Structures are given as C-alpha cells and as structure tokens.
Protein chains: 4
Amino acid sequence: MKNIRKLGILTGGGDCPGLNAVIRAVVHTAIRVHGLEVCGILDGYAGLIHKNVRSLGLADVSGILPRGGTILGTSNRDNPFHYSEPGPRGENEPRDVSAQALKTIEYNEIDALVTVGGDGTQAIAQRFFAKHGLPVVGVPKTIDNDLNGTDVTFGFDTALNIATTAVDKLHSTAESHHRVMVIEVMGRYAGWIALGAGLAGGGDVILVPEFPYHIEKVCDHIRGRAAGGKRFSLVVVAEGAKAEGGQMVVARQVNDASDPIRLGGIAALVANQVEDITGIESRFTILGHVQRGGSPSPFDRILASRFGFHAVEAAVNRKFGQLVGLRGSEIRTTPIEEAVAEPRRVRAEEDLVHVAKAVGTCFGA
Amino acid sequence: MKNIRKLGILTGGGDCPGLNAVIRAVVHTAIRVHGLEVCGILDGYAGLIHKNVRSLGLADVSGILPRGGTILGTSNRDNPFHYSEPGPRGENEPRDVSAQALKTIEYNEIDALVTVGGDGTQAIAQRFFAKHGLPVVGVPKTIDNDLNGTDVTFGFDTALNIATTAVDKLHSTAESHHRVMVIEVMGRYAGWIALGAGLAGGGDVILVPEFPYHIEKVCDHIRGRAAGGKRFSLVVVAEGAKAEGGQMVVARQVNDASDPIRLGGIAALVANQVEDITGIESRFTILGHVQRGGSPSPFDRILASRFGFHAVEAAVNRKFGQLVGLRGSEIRTTPIEEAVAEPRRVRAEEDLVHVAKAVGTCFGA
Amino acid sequence: MKNIRKLGILTGGGDCPGLNAVIRAVVHTAIRVHGLEVCGILDGYAGLIHKNVRSLGLADVSGILPRGGTILGTSNRDNPFHYSEPGPRGENEPRDVSAQALKTIEYNEIDALVTVGGDGTQAIAQRFFAKHGLPVVGVPKTIDNDLNGTDVTFGFDTALNIATTAVDKLHSTAESHHRVMVIEVMGRYAGWIALGAGLAGGGDVILVPEFPYHIEKVCDHIRGRAAGGKRFSLVVVAEGAKAEGGQMVVARQVNDASDPIRLGGIAALVANQVEDITGIESRFTILGHVQRGGSPSPFDRILASRFGFHAVEAAVNRKFGQLVGLRGSEIRTTPIEEAVAEPRRVRAEEDLVHVAKAVGTCFGA
Amino acid sequence: MKNIRKLGILTGGGDCPGLNAVIRAVVHTAIRVHGLEVCGILDGYAGLIHKNVRSLGLADVSGILPRGGTILGTSNRDNPFHYSEPGPRGENEPRDVSAQALKTIEYNEIDALVTVGGDGTQAIAQRFFAKHGLPVVGVPKTIDNDLNGTDVTFGFDTALNIATTAVDKLHSTAESHHRVMVIEVMGRYAGWIALGAGLAGGGDVILVPEFPYHIEKVCDHIRGRAAGGKRFSLVVVAEGAKAEGGQMVVARQVNDASDPIRLGGIAALVANQVEDITGIESRFTILGHVQRGGSPSPFDRILASRFGFHAVEAAVNRKFGQLVGLRGSEIRTTPIEEAVAEPRRVRAEEDLVHVAKAVGTCFGA
C-alpha cells in the first residue's frame with residue numbers, strides 16, 4: 001500500500017468562519033509533520049470539474065488564521081454527479097461529470113482528498129469514496145451545527161456570538177421602548193443557533209423548526225410578561241421555524257415576490273402577527289449572512305485547527321471515508337456515511353431546552 | 001429673575017445609545033457643580049401627562065454610563081398637544097393635554113426642563129417654550145444624524161460601528177461565495193448611516209433616500225465588477241432609499257401584509273431585482289433596531305457627556321429655547337426653532353460623497 | 001429526610017464572567033421549577049461570617065445575564081476556618097469562625113448552600129460538608145480552567161476571547177513594525193489561557209508554567225523566523241511561566257518594589273531578554289484583570305446557566321458534597337473532594353500541544 | 001510647471017489603525033480620478049534609502065480597508081538626515097544619506113510624495129521640502145492625537161475604543177472585588193487617550209503627563225469613595241504621567257532592568273503606592289501596543305479615506321509642504337512647518353477636563 005505523498009483539500013457549501021484555520025492546519029501538519037505536498041482545489045467541487053488546482057505552501061497560509069471566508073473559494077451548486085453547466089438559455093440538463101473530477105485528482109497526483117463541508121459536500125465525498133475508491137477524509141462544517149459525527153462544528157460558536165450580540169443590543173432598546181423585538185437567525189432545519197442565542201441572550205420566546213409553534217401561545221406569553229410589568233419581549237426565531245400546521249417561510253427565497261411572507265421571512269410574519277394580536281408595537285431584524293462572516297472565535301479557530309491536524313493524521317493513517325469530529329474533549333473519526341445519514345436536530349429532552357424552560361422561555365409549543 | 005433650583009429631564013423618541021450618558025452628566029453637573037436638585041420624567045412626555053416623575057440622585061446614575069437604552073424610558077407617541085388615549089375601541093380622538101403636562105412641571109417645582117430627543121421631541125419642546133414660556137433646553141438625539149443645530153449627534157457613531165461591523169462580516173462571506181449581499185441600515189429620510197457604513201465598510205453600492213436610484217445602474221456596476229474578476233458585490237441601502245420615480249418601501253411597517261415589498265423592505269426588493277437582472281445569487285440582511293441598541297461607543301459617551309454638562313450650563317445661564325450642539329470641536333447652542341426647521345440631509349456636494357465616488361462606489365444615480 | 005425549602009448561594013474567589021448567569025439560573029430554577037426560596041450570601045464566605053444575607057427573587061436577577069461581575073460580591077480572603085479580622089495594627093491572628101458562619105446558615109433557615117467558586121472556595125465548602133454536615137453543592141469557577149471535575153469552567157471562554165483579541169491586535173502591529181511582541185495572560189499555575197490564546201491567535205512562542213522554558217530556545221526560534229523573512233514574532237506568556245531552573249515572576253505582587261522583575265512581571269523579563277539576545281525591538285503588554293471582566297461569551301452564559309440549573313437539581317436530589325461539571329456534552333456531578341485534590345494542568349501529551357507544535361509553535365522547552 | 005504624473009507614498013513612525021485606508025484612498029483617487037501612477041515606498045524612509053519601491057495598482061489595495069497595520073511597512077528609526085547603519089559592532093556613526101533618498105525619488109520619477117506619519121516623519125518631510133524642494137504632502141498620523149494642524153488624527157478613535165473596552169471590563173471586576181484597578185494607556189507626552197478613555201469609561205482618577213499628580217490627592221479621592229460606599233476605584237494613567245516633581249516612568253524602556261520602576265512602568269508604580277497608602281488591594285494592566293493594532297473604527301476609516309483623497313487633491317494642486325487635516329467638518333491644509341512646531345497637549349481649560357471634573361473625576365493635581 002503506497003504512502004501518501006500529496007494531499008488535496010477543498011472547501012464546499014455555505015461559508016463558515018474557521019475554514020481558513022482548517023486549511024492552515026492541514027498545510028502546516030502535512031508539510032511540517034509529515035513532509036507531504038499539499039494542493040488546494042478552488043471553489044469546492046467546481047475546481048475538480050474545471051481543473052482549478054493550486055499548490056499550497058506555508059507562505060500561502062500565513063496570516064489566514066483569523067480571517068473569515070476561505071482562500072480556496074467555495075461553491076454550493078457544483079455536484080460532479082449532477083452538474084448543470086450554464087448554457088445559452090439558463091442551465092443545461094444536469095449530467096454526471098465525476099469522471100472529469102477524478103481525472104483532475106489523478107492528473108495532480110493527489111493521494112488523498114480532505115473535503116471540508118456540510119452534509120451536501122460530505123455526501124458527494126462519500127459517493128466518490130464508496131463508488132470510485134477515492135481516498136477522502138471529511139471535516140465537518142456547518143454554521144447550523146446540525147451534523148452528526150461531531151458534538152459541535154466550527155463556525156457555530158462564531159455564529160452564536162454574532163447572534164447573541166445582536167440579541168443583547170435589541171434587549172436594551174426593547175426595554176426602553178416597551179416593544180416586541182423579533183430577530184431571525186440562521187437554522188433552516190435545526191434550531192441550534194436560535195436555541196443557543198435565545199438562551200445566552202435571555203430571549204423570552206424561542207421558535208425552532210423542530211417544535212412547530214402556536215402563535216397564540218407566543219402571544220399569551222408576551223401578554224403575561226406585560227401583565228407582570230415587563231412591557232417588552234424578545235423573540236428569537238430560526239429561519240426554518242414554522243407554525244403548527246403551517247409551512248416553512250424562508251426570507252431568502254426572494255424570487256417569489258408575489259408571496260409577501262416568502263419575501264419578508266418568518267421574522268416579518270411573526271412580528272406582524274404579534275403586533276396584530278397583542279397590540280404591542282413589534283419590530284424585526286433579519287441577521288442573514290452576517291452570521292456566516294467575520295473572524296472566527298477562538299473556540300472555532302482551535303476546533304478548526306484540531307480538525308485540520310487530525311484530518312491529516314487520518315489521511316496518513318489511511319482512515320478513508322471517515323469524518324473527523326469532536327467527542328467530549330477528544331477528536332475521533334466516524335464513517336462519513338453514518339454522519340450524513342440524518343441531521344442532528346434539537347430534541348425536546350435536550351438539556352438546553354430544560355434549562356431554557358427553567359429560566360422562563362416560551363417555545364410556543 | 002429667580003435662580004434655577006430644580007432641573008427636570010426627559011428622554012423622548014426612538015432609542016439611541018448615549019441617552020444614559022446624557023442623564024448621568026446632567027445629574028452630576030447639576031448636583032456637584034451647581035447644587036441643584038434633579039428629577040426625571042418617565043417615558044418621555046407621557047411622564048408629564050401621567051405625573052410619572054422621580055427624583056434623581058448620584059446613586060441613581062451610578063454605573064449607567066456604558067449602558068444602552070434609557071433609565072427614564074421613552075415614548076414616541078405621546079404628544080401632549082395631540083394626545084390619543086387608549087379607549088375601549090382602539091384609540092380615542094386626539095386632544096390637547098398640554099395643560100396637564102404643565103401642571104406636572106409646576107407641581108414638581110421644575111424650574112427648567114432638559115428635553116433629550118429628536119425633531120419630534122424638540123418640536124414639542126419648542127411649542128411649550130414659545131406658547132407657554134416653559135424654560136426648556138434641548139439636547140439633540142438621533143441615530144440617523146439628520147438634525148440641524150449640531151455637526152453630529154450622539155448615537156450615530158455607535159450605529160455606524162454596528163452597521164460597519166455587519167458590512168465587514170458580509171464582505172468575507174460575499175467574497176468566498178461570489179454573491180451579492182444587500183444590507184439594509186437605518187435612515188428613513190437621510191442616508192448618513194448608509195453613506196458612512198458604505199464608505200467605512202468598502203461597500204460597492206450605496207443607496208440613500210436623497211439620491212433616487214436606477215436599478216439598471218446598480219446592476220451595471222455589479223456586472224462591471226464581475227467582468228473585472230470581482231465576483232461579489234456589497235450593497236448598503238438605507239431603509240428610506242427609493243428608486244427614481246418609485247416610492248419609499250419600509251420593512252418595518254409590517255401591518256400591510258398584502259404588500260410584499262412593505263413586508264420585506266427595500267433590501268428584499270433590491271436583492272430580488274439584482275438577482276433577476278444580473279443572474280448573480282443575492283442575499284439580504286435587515287439590521288433593524290440592532291443599530292439602536294447596546295453600549296454606546298466612546299465617541300458617543302463623550303459627546304453625550306458633553307451635551308449633558310452643557311445643557312445644565314445653558315439652563316443655569318437661562319439660555320432657554322436653545323439646543324446644545326457640537327460645532328467643530330466646541331459645544332454651542334442654537335435656537336431649537338432653527339434646528340428643527342428642516343432635517344440635515346446628504347447633499348451631492350458632500351465631501352464623503354466625493355470620497356466614496358473616488359474609491360469607486362456607485363450611488364445608482 | 002426533610003425536603004429542601006430554601007437555597008443559599010454565594011460566589012467566592014476571583015472574578016469570573018458568568019457568575020451572574022449562574023445566580024440567575026439558580027434563582028429561576030429554584031423558584032419556577034421547584035417552588036423554593038432563595039437567598040444570597042454577600043461577598044462570599046464573608047457574608048456568612050458577617051450575617052450579610054439577602055432574599056433573592058426573580059426581579060433581583062432580571063437583566064443580569066449578560067453582565068460581568070457578581071451581584072452578590074465576592075471575596076478571596078475570608079476563610080471561616082482561618083479568618084483574620086482587621087485590627088488596629090493590621091490584621092489580627094487568624095482564628096476559626098466557622099461556627100459563626102454555620103449560625104448564619106441556621107438563622108436564615110438555609111437548607112442547602114450552592115458555593116460558586118474555585119479550588120479555595122470549594123475546599124472550604126468541602127470542609128463544611130465533611131466536618132459539619134453542611135449540605136453544599138459546588139459550582140466550579142475559574143478563569144484559568146485548572147479545576148478538575150469538569151472539562152471546562154465558565155469564564156474561561158470569555159478570558160480566551162479577550163486574550164485572543166489582544167493577540168490579534170498585536171499581530172498586525174508586530175508585522176508592520178518588525179518587532180517582537182510579548183503578551184502576558186492569566187494563568188499562575190496552569191497555562192490554559194496562554195495555550196488557547198496562543199493557538200487561536202497564531203502565537204509563535206507560548207510559555208506556560210507546566211513547561212519551564214529556555215530563553216535561548218525562544219530566541220533561536222525568533223531568529224529562525226527572522227532568517228526566514230518573518231521579521232516579527234509574537235510571544236504569549238502565562239503569568240506563572242518560569243525559566244528552567246528559575247522562579248515564578250508575578251507582576252501583580254507589586255508590594256516588593258525592590259525587585260524589578262516582580263514589579264514588571266514575566267512579560268517585562270522576557271521582552272527584555274529577547275531584545276538583549278536577538279537585538280530585535282521588543283515590547284510587552286500585561287493584560288491583567290481585563291481578562292476577568294466584561295460580559296460573558298454566549299458559551300459561558302450557556303454553560304453557567306446549565307451549571308446553575310443542575311446545581312439546584314443536585315440540591316433538590318440531596319446530592320451534597322458534589323460539584324456539578326461538564327463531561328463531554330453532559331452535566332455530571334463529582335465529589336468536591338475529588339475535584340479539588342489537584343489542579344488540572346497542561347500535559348505534554350495534550351492534543352492542543354500537538355496541534356500547536358504542528359503549526360510551528362515553540363514552547364521554549 | 002509640469003503636471004503630476006506619478007505619486008509616491010510612504011508610511012512612517014509607530015503603527016496606527018487606518019494607514020491602509022489612507023493608502024487605499026490615495027491609490028484609488030490617484031488612478032481613478034486623476035489618471036496618475038502610484039508607487040509605494042517600503043518601510044518608511046528606509047525604503048528611500050534602500051531603493052525599496054513598488055508600483056501600486058487598484059488590485060494591491062483591494063481588501064485592505066479594514067486591516068490594521070500598513071501594507072507598506074514602516075520604520076521609526078531611519079532618518080535620512082541622520083542615518084545609523086548597522087555595523088559589525090552595533091550601529092555606526094549616523095550620517096546624512098538624504099541625497100541617496102532623493103536619488104530614489106528621481107530614479108522612480110516620483111513627482112510628489114505623500115508622507116503619512118507623525119511629527120518625526122513630518123519633520124523629515126519638511127526638511128526635504130524646505131532644503132531640497134521635494135514636493136511633499138503630509139498626512140497626519142498619531143495614536144496619541146497630539147499633532148497640531150488637525151482637530152483629530154485617524155487611529156485615535158480606534159485606540160480610544162480599545163482602551164475604553166478595557167476600562168469597561170475592569171469596571172465590573174473592580175466592583176465585585178472591591179479593588180483599585182490601574183490601567184496604563186498610551187500617551188507619552190499628551191494625555192488624550194487617558195482623558196478620553198477615562199471620561200468614556202467612567203474612570204475615577206485620570207493621570208496625564210500635562211498635569212503632574214500628587215499621589216496623596218489620588219489616595220484621598222480613593223479613600224473618599226470608599227467612605228461613601230464605593231469600595232472600588234479605577235485609575236486611568238497615561239504612560240507619560242508623572243508625579244509632581246518626579247520623572248517620567250516608561251515601562252517600555254525595558255533595557256534598564258536595574259530600575260524596577262522603568263521595568264514595571266507608571267501603572268505598577270501607582271498601583272504599588274495606592275495599595276501601600278490606602279491599604280486597598282490594587283492591580284494593574286499595561287495595554288501597550290494592543291492599542292495600536294487591529295481593524296480601524298469606522299470613524300478612523302472614514303477620516304483616513306478623506307485624508308488620502310485630499311492628499312492627492314493637494315498634490316495635484318501643487319499645495320506642497322502642506323499637511324491635510326480635519327477642521328470642524330472640513331478637510332483643510334496647514335503648512336507642515338506650523339503643524340509640527342509643537343505638540344497639541346491637554347490644557348487645563350479643555351472642555352473635556354471640565355466635563356470630567358463635573359462628573360467627579362480626580363486628576364490628582
């Protein structure tokens with residue numbers, strides 16, 4: 001069995017603070033510890049399809065540790081197994097260009113590929129691994145923290161910091177103005193950011209996709225607070241939250257302008273309803289991609305560095321088809337297949353949910 | 001002419017970081033420097049109407065300097081000259097309850113009233129001063145920085161910090177993802193925050209209420225950048241920005257759910273149009289009241305403290321009907337009447353506009 | 001066995017962001033979930049000695065979640081088993097006033113006492129528990145993160161954020177100026193903050209108490225970087241770091257002005273030596289108590305809230321003499337006796353140490 | 001008189017957030033508005049001496065706006081009129097190498113030179129201008145804000161933010177611990193940062209170089225607060241503060257290890273004395289170069305951009321030997337000679353000093 005001599009690395013999917021820290025740790029560990037070469041694939045799997053590969057040395061990763069974004073670029077559209085090329089009239093029919101991607105690997109003499117990304121990126125990696133024997137090691141990445149195979153992903157702590165800072169700022173102004181403030185945070189399928197920022201920021205109501213809410217229960221809680229002299233309330237709502245029996249309402253699908261709710265998002269809807277039902281002035285904030293940007297928190301930089309270090313260790317030890325992850329205080333690997341089987345979602349029996357309820361938070365459910 | 005023995009102070013209108021710093025400086029200066037008594041009127045003019053007045057000593061203002069909000073509460077609805085009481089079926093007909101307000105002043109033996117607020121608050125103060133001889137001193141307050149009578153208002157620098165931090169975060173993620181990011185900041189009638197945050201954050205497009213925009217010019221600029229290899233763009237838009245020939249689109253008037261644009265706001269509209277016209281993925285953020293909250297910046301704390309100090313000096317020197325303000329490096333007073341005559345808006349010949357254009361910013365006009 | 005009806009809580013030892021979050025969670029959980037009464041003992045064990053106890057209701061903890069410090073005050077001198085009263089000529093001979101402390105417990109009808117503090121505070125709690133049967137539940141607290149019984153303590157993440165922010169700022173200025181920057185962070189006996197901030201901030205040298213350093217190795221590393229074109233270096237040093245064969249040098253023991261090193265601290269010493277040996281200009285920063293202050297990070301607020309919640313659960317379930325702690329993702333309890341037996345220190349085989357070395361960090365050892 | 005075709009730019013002296021914003025604005029304005037070429041001189045005047053010059057295009061300044069430091073590097077030792085080359089035994093005798101510097105200007109066909117720097121840098125620029133007719137335009141830069149010719153310099157607001165954030169953090173911990181916290185901030189000859197951060201952070205004592213202090217007055221103030229129930233105090237001290245009749249004590253001159261005060265700095269000295277005299281535990285922080293680093297505040301980015309824009313305008317209009325500066329809300333130019341004649345220092349009749357005294361601050365004088 002031949003030894004690894006050259007590592008490839010790509011970053012795929014949505015942006016996430018800490019990607020550069022992973023890249024830096026991979027490059028340093030590969031070069032300094034194991035004497036390997038490293039090359040970066042640009043713009044996620046698109047770089048494999050379009051042969052955009054560059055060599056990465058220590059100088060290339062100097063100074064990138066505290067920077068948001070990724071020096072490799074990313075893409076969340078270019079699945080080599082189902083690739084739609086832009087044609088003269090919009091996009092062409094999707095086709096399988098995975099062979100082309102594999103040729104790029106071969107041409108560049110990449111002995112193992114580190115794929116940094118969320119479930120989409122890892123599912124593709126797994127397919128390359130299982131069907132084509134591509135030696136891959138996955139590094140989990142998601143703002144939303146909804147991946148299995150790790151207790152927590154890098155980027156989540158940074159997003160939580162940003163969301164909580166915003167909740168804190170709304171708090172003082174809500175209190176002075178006797179208003180309801182609704183803040184929409186990321187989390188289309190899992191409510192970890194809303195739960196975390198709601199608990200950390202002292203949110204009065206937390207709405208997450210996992211627990212469909214009743215607007216009346218939300219309004220009852222707000223009225224109860226007003227009756228007790230608290231003439232303001234803070235509602236933290238995940239973008240994927242939905243009313244019992246209702247549908248998901250995502251502000252970012254802006255292309256359907258005929259539907260006011262899709263345009264304004266769940267925050268606008270909730271603020272609107274609360275003001276109508278309670279008569280208390282309500283305002284909303286949609287934080288959006290602000291949560292994905294900026295410098296990663298120390299927690300995320302350290303976790304990302306550890307992931308990068310251990311991804312190289314896993315590659316050198318030929319633990320392919322595995323995803324590195326944090327388990328307690330240790331880094332362990334899990335089969336990618338297992339990790340992406342289903343998302344990690346907020347359960348009703350979650351400790352954080354118990355704690356949030358104990359301090360008086362309403363989940364509207 | 002009798003000496004001042006007791007000062008009243010109220011905070012009115014929208015929330016603004018630095019209000020507590022003003023209150024603290026007023027209380028300290030009045031008590032320590034001039035041996036006066038101070039009392040606070042709660043919830044803006046509503047406190048005068050409803051006799052909500054409390055005495056303020058040094059202990060009451062201890063520790064409030066770095067805090068957002070206002071310990072006195074505020075209100076932006078209760079105009080004593082045009083007051084709508086809540087009745088059994090919504091609000092009753094508005095009526096003039098200014099006499100009631102004046103009685104509260106008299107009963108509490110307030111010799112001079114410091115009114116901290118924006119144009120609405122100051123216009124009421126001016127009316128009390130001009131019609132009823134109430135000895136008032138105004139302290140200008142507005143996030144939007146659109147008040148005359150001062151070069152800059154406290155709160156604006158803090159709002160600018162918050163908006164620029166958000167723009168910075170969007171920058172890294174926009175760059176990695178090759179996307180257009182649209183961020184909506186405050187400024188219904190004046191574009192100072194958008195102009196400042198756009199210039200400070202390196203925004204590629206800045207849309208302000210003062211310069212109606214053409215969406216084609218905006219899209220041309222974004223396409224020009226893409227052609228030059230910059231596959232991302234950042235658009236900073238004031239909530240009151242409007243297209244040439246179009247109308248203002250304000251997200252926060254959520255009560256008209258039948259109108260998608262009013263619900264989603266100008267940011268949703270612009271992101272939607274840019275994606276449609278350029279084909280580049282676009283996302284939006286609506287910062288909302290996050291800009292009004294949190295701890296004031298040092299600049300604002302210092303300016304607010306100076307305003308509070310000089311408001312007391314003006315009261316003691318019986319400079320009534322005057323507004324304190326910053327002129328260059330000095331604090332000067334201006335007749336309130338003059339200051340509120342018309343808003344301070346961004347002019348085409350503004351130095352900041354020249355500088356923004358020089359660094360390549362598009363105003364869409 | 002009688003049920004708990006009233007909980008006492010005290011905070012002892014050095015300041016730590018998150019104390020208020022613990023207090024808030026204890027009060028809410030006790031009152032809302034279990035219908036208990038809560039009282040707060042002021043200034044740590046001093047409040048037991050001097051009968052400073054106040055009742056705590058929901059209103060008392062409103063708004064304290066994001067605040068640094070502790071509303072109960074703290075003290076790190078007042079050991080009831082060895083208490084030195086201030087006398088006319090300095091402090092009197094220490095004596096055992098634990099009986100007095102127990103009387104305060106009895107008088108206030110406190111059925112269980114939650115002690116939030118570090119090893120000093122918990123050792124006293126353990127003594128009360130073991131010798132006098134006082135029903136105590138411990139909550140671990142230390143900036144330095146050197147307590148056993150928990151994977152991590154609240155406050156540490158906040159301190160790490162502050163230290164890393166400072167390292168980041170030094171980075172840009174070091175690079176532009178071609179200087180060596182030495183930054184001293186907390187950690188008298190354990191180097192967790194230095195290790196974390198060094199790794200997160202990309203420090204070139206990390207000096208911790210656990211690994212005595214050789215100044216020549218440090219200077220060799222700095223010279224090696226300069227030879228490779230990196231004309232700047234960043235040294236992160238724990239206050240308790242010491243040279244091989246040397247002694248600890250703590251800046252904060254300022255009372256020995258005759259000893260320049262004790263006055264200036266290890267940072268001054270290292271900067272001095274590096275400049276002398278390498279000839280490269282060196283500057284130092286001593287962060288000091290800045291690391292203990294300010295608003296806790298979301299991570300710490302959540303962890304502190306969980307600790308508070310589970311401390312009440314433990315008390316209600318009569319798990320006395322136990323310390324709540326984080327184990328992986330779960331809260332578990334450990335006998336206090338075990339937890340305080342010895343500090344948790346950085347080991348050579350620590351994953352973080354491996355990662356730091358892989359990215360090129362020098363430990364001077 | 002020939003037109004300008006090529007601009008040179010250098011950054012000299014201590015680091016200062018906003019340098020990159022100036023460089024960016026100069027490059028954009030020169031290229032976009034006036035069609036000029038721009039070249040950057042590396043490491044301040046050292047680049048002129050050693051012929052380190054590079055061409056600067058729009059791509060070179062892309063993304064640098066929010067970054068601390070300077071992409072051109074800087075130096076505060078290399079005076080071409082008095083230049084000490086490193087020799088085999090330390091530095092050689094200083095000599096005049098200005099002719100060499102002028103040759104670099106000529107060789108690179110630089111028609112005008114923008115010098116961004118403090119009094120040292122500008123004094124050299126003035127000498128080149130006055131003696132050799134070099135067409136220079138100065139841009140004022142100093143953290144300390146002690147330059148004449150402008151109301152305020154960029155970098156100062158950022159330093160003030162950093163210092164005030166640290167003071168805020170010390171506040172909560174001082175209050176919980178009943179301690180005196182001494183924080184040393186920058187300002188060797190002028191106390192603007194200490195005054196600003198002291199006022200903004202609610203410092204109880206502010207010590208600046210301009211007002212020599214009496215330690216007894218400082219301690220009286222601290223004891224007075226303790227007597228009134230405030231068992232903590234915050235002392236903000238400029239590095240150049242000195243006792244009445246005493247000498248300056250600068251921590252950063254670490255090369256004199258035999259002198260404990262020089263090693264530990266004024267903060268250590270004051271903390272030491274306060275603890276001795278009052279018996280209240282005292283701790284100190286030395287912020288150091290942390291104040292010079294990191295991303296510039298929006299205020300500084302905007303001011304720096306305006307300075308850069310107007311420096312090019314001044315060059316194009318052949319206003320040589322002039323320094324751009326902020327006067328009120330406008331950018332004006334002043335002869336460099338006038339601006340560097342003497343530093344701008346805190347005067348007793350300063351408005352900020354009156355305000356600080358009104359809110360109870362002690363200056364120890």
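Predicted model: local features only at pLDDT ≥ 70, side-chain atom pairs only at ≥ 80, totals over all residues.

User: Which residues make up the contact between chain C and chain A, by number and class?
Analyst: On chain C, 37 residues are in contact with 37 residues of chain A. Helices α1 (19-33), α5 (156-177), α6 (192-201), α9 (298-316) and α11 (351-358) of chain C each give two or more residues to that side. α9(C) gives the most, with 7 residues. By class, the chain C side has 16 nonpolar, 12 polar and 9 charged residues.

User: Why is D:Ser176 called buried?
Analyst: The cut-off is 20 or more other C-beta atoms within 10 Å. D:Ser176 has 26, so it counts as buried. D:Ser176 is found in helix α5 (residues 156-177) of chain D.

User: What does D:Ser176 touch?
Analyst: Leaving out residues up to four places away in sequence, D:Ser176 touches C:Asp15, C:Gly69, C:Thr70, C:Gly73 and C:Thr74. Within chain D, the C-alpha atoms of D:Ser176 and D:Arg231 are separated by 9.1 Å, and these two residues are 55 apart along the chain.

User: How do you know that the length of α7(D) agrees with its residue count?
Analyst: Helix α7 (residues 215-227) of chain D has 13 residues. At 1.5 Å a residue they should span 18 Å, and the end C-alpha atoms are 18 Å apart, which agrees. After the helix comes D:Gly229, with a positive phi near 100°.

User: What puts the buried residues of α7(D) on the same side?
Analyst: The buried residues are D:Val218, D:Cys219 and D:Ile222. They cover an arc of only 95° around the axis, so they lie on the same side of α7(D). In general, an α-helix has 3.6 residues a turn, so residues three or four places apart point the same way. The face turned away from the buried side carries the exposed residues D:Glu216 and D:Ala227.

User: Why is β8(D) called largely enclosed?
Analyst: Strand β8 (residues 180-185) of chain D has 6 of its 6 residues buried, so the rest of the structure largely encloses it. D:Val180, D:Val182 and D:Glu184 point one way, D:Met181, D:Ile183 and D:Val185 the other way, and all are buried.

User: What makes β10(D) a pairing partner of β8(D)?
Analyst: A pair needs at least two bridges. β8(D) and β10 (residues 233-238) of chain D have 6, in the parallel sense. β8(D) and β11 (residues 282-286) of chain D pair in the parallel sense over 5 bridges. D:Glu184 has D:Val237 as its bridge partner in β10(D) and stands opposite D:Ile286 in β11(D).

User: Why are β3 and β13 of chain A called edges?
Analyst: The open sheet has 7 strands in the order β3-β2-β1-β6-β7-β12-β13 (chain A), with mixed pairing. β3 (53-55) and β13 (330-335) each have a single partner strand, so one side of each is left without a neighbour in the sheet. The twist averages 30° from one strand to the next.

User: How do you know that β7 and β12 of chain A pair?
Analyst: Strands β7 (residues 136-140) and β12 (residues 322-327) of chain A share 2 parallel bridges, and the cut-off is at least two. A:Gly138 stands opposite A:Leu323 in β12(A).

Notes. Residues numbered from 1 in each chain as written. Chains lettered and ligands numbered in written order. Helix = DSSP H or I, 4+ residues; strand = E, 2+ residues; numbered from the N terminus. Axes fitted to C-alpha atoms, helices over the stretch in contact; angles between N-to-C directions. Buried ≥ 20, exposed ≤ 12 C-beta atoms within 10 Å, placed from the backbone. Contact = placed C-beta atoms within 7 Å. Nonpolar A, V, L, I, M, F, W, Y, C, P; charged D, E, K, R; others polar. Expected span 1.5 Å × (residues − 1). Arc of directions from axis to C-beta.
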